[in-house]
Amino acid sequence: GSLIEQLTTEKYECMVCCEVVRIVAPVWSCQNCYHVFHLNCIKKWARSPASQAEDGNSGWRCPACQNASVQVPKTYTCFCGKVHNPEWNRNEIPHSCGELCGKRRQCLDCPHLCNILCHPGPCPSCPAFVTKTCECGQTSHSVRCGQSTKIHCSNVCGNTLNCGKHSCTQVCHAGKCSPCQLTVQQVCYCGSSLKEVLCGSKEEFSDGFGSFSCQNICGKKLNCGRHNCKQICHPQPCQLCPRLPQVVYRCPCGQTPLSKLLELGCVERKICTDPIPSCGKTCGKPLSCGSYEFIHTCESLCHEGDCRPCSHTSNIYCRCGFKKKVRLFFFFFLIAAITFMCDKRCNKKRSCGRHKCNEVCCVDTEHKCSLVCGRKLNCGLHRCEEPCHRGSCQTCWQTSFDELTCYCGESVIYPPVPCGTHPPECKKTCTRPHDCDHPVYHSCHSEEKCPPCTYLTQKWCMGKHELDSPYVELYFTHTEQLGTDKFRLLNLGNCSPCVTCCPRFQSCDKFVFPQMKSTTLFFRIAAISIATKLTDLQLGDSVEISRLITKKEMKQARLQCDEECLALQRNRRLAEALEIDDNSDPFNIRSSGPKYSDLLKEDARRDIKFVSDIEKEMRLLVEAVNKGKHTKKSHCYPPMNRDHRRIIHELAQVYGIESVSYDNEPKRNVVITAVKGKSVCPSNTLTSVLDKEMHSRPAPPLHHYKQTDKSSGNSALSKPLKEEPVIDYFDVQD
């Protein structure tokens, strides 16, 4: 009933795949434990090494009851086995034919067939009543058909025992009566041995000459009274003496009758002890070493008794045919039962193609490998237990019934989990402990080591003169073996020397390229090397740049001191002389307002409305996050071109706002995030700085810019006529 309910409601699970057994899926039911499996699952299980019986010859084992079966199921039948591929009917039990079961019940003494509809599980007990007698047959009772309970009475059995002479003295019992336990003495045929046997056993009966053979030489006197019987202890009377004159009619070799020898003058024999006359010819009797094709005969003269051993020789070969030996035929037949084997080892490859046969005197044609494969399976944890084979090993059959989670536990793979399954992918932020306290931008991962930190920082220069924007620090190392120059990405946001600190590093092989103040050389390296090798650089790998720049360009890449650098040096020496603290700002130089790059100013002049809208949005975002209760607040800009995105990234640095580019072209956009306490509004906006510069200097010549497309109505930026290709370094990082 439980099986029917679970199969009908599709709640029964296959023990092989742990999936629900559908009402239309082909199934197979074990006839021993009645568990139901998917037909395809039980086929795969029967062919797997894990299902084989321990002795290896009893077939495969049921996954549930371990009952061994020889045949692998191939067809889908109903539970009673009468219908193949039964169709599902809503009003019938799934996987049944809807007809009477008709199977014999497990009770051996029940003659009735199962009278309910085709069903899973064992057949119910027979409802009929029958009359049964007790074990001794003296009383009878009415019991349920198929009832295994035996009926016993209190009477003595009294049945005749196997000897036919005595009766059973036990109380009414099940099964046959025990054999008679009385013993009798018996004598062998020759009369030399005695033994005791049970009454009624076959050995008790005698044929008049004895009861058994002792397997010794009979030794009884023959009828001649001079010779003894040389046969094994036998039941019949001993034969006549084989040397009696009335029995022997020919010479020992059998070629000449004794009557002819008597004519030639031989003495007539009177008793059995008289010698048998010899004819003088070659014996010629066939020896035991001969065969059907080549018969060897005795070469001695006619004689009495056994013939001498054969003097012929023969070549005998080992079983593989590699070696031969010369032996007398007599010795050859003495060792016929012993196989002659040479000491040559077989050098052929076994069926696996990996090992040599290495058998001594090998006669095998298939050379099957008996070793265990032992190679690691695809899971990397278990090894193949099949016999050594060619090709790839099968998939690991091991399965875990524990949940497999990511590191943070948000993503879960529920059991059953096949062996070797990787942890699930998780899109949550990594929660592992990190060496730095910067915000984490990478997702949860299963690797123990986190990727390098990619957070952009601002730090003071080496001399603490100015606060630099994020930059990339490169250094050159010369490899003597390779003879090439390489560079490695060290960190994003390390200190760099400013123009004042440059003289200290004139003799150093370190090159610093501040962001947004880079030369054409840096743009080439950033576009070609960093953008394409960013992942390798972050992992600490080297990238060869000897083909990207020349030695002349490397010399030109050194920072040169200008008038501003010399002025700062004079100011520093003057401050040391006047004992002015480096952190003080007496001339209000450091707090004079934000610094906007020349490239940003030029872009703002081309599209002042776009820059004004961006600054307005950033100012509102910073004010909202500083006044509100949330620590962060974000704003998403619509998709725009590369130049507009670069302007947003640069303005975000001035406002202390985080900016990240998302998606691919042409739908790539920028998302800015203001952080409470970190993002501030500058005292002078870019538009106000441009207004002051506009009144203090004349407008640039008209031929310096390209004309904009006025017919389009768009405010796209115009590029200079002779402008180097600009790289959006922030997009490269993303």
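Predicted model: local features only at pLDDT ≥ 70, side-chain atom pairs only at ≥ 80, totals over all residues.
Reader: Where does G200 lie, and which residues does G200 touch?

Author: G200 is found in the loop that runs between strand 8 (194-198) and helix 3 (258-263), and, leaving aside residues up to four places away in sequence, G200 touches N162 and C163. The C-alpha atom of G200 is separated by 8.9 Å from that of Q181, a residue 19 residues apart from G200 along the chain.

Reader: How do you know that the length of helix 10 agrees with what it should span?

Author: Helix 10 (residues 608-627) has 20 residues, which at 1.5 Å a residue should span 28 Å, and because its end C-alpha atoms are 28 Å apart, the two values agree.

Reader: What makes you say that the buried residues of helix 10 line one face?

Author: The buried residues of helix 10 are F610, V611, I614, E615, M618, L621, V622 and V625. Seen down the axis of helix 10, these residues fall within an arc of 125 degrees, so they line one face of the helix. On the other side of helix 10, the residues K609, K616 and K627 are exposed.

Reader: How many of the residues in the chain count as buried?

Author: Of the 734 residues of the chain, 33% count as buried, and the chain holds 13 helices and 23 strands.

Conventions
Residues numbered from 1 in each chain as written. Heavy atoms only, no water. Helix = DSSP H or I, 4+ residues; strand = E, 2+ residues; numbered from the N terminus. Buried < 20%, exposed > 50% of the residue type's maximum accessible area, 1.4 Å probe, protein only. Expected span 1.5 Å × (residues − 1). Arc of directions from axis to C-beta. Contact = heavy atoms within 4.5 Å.
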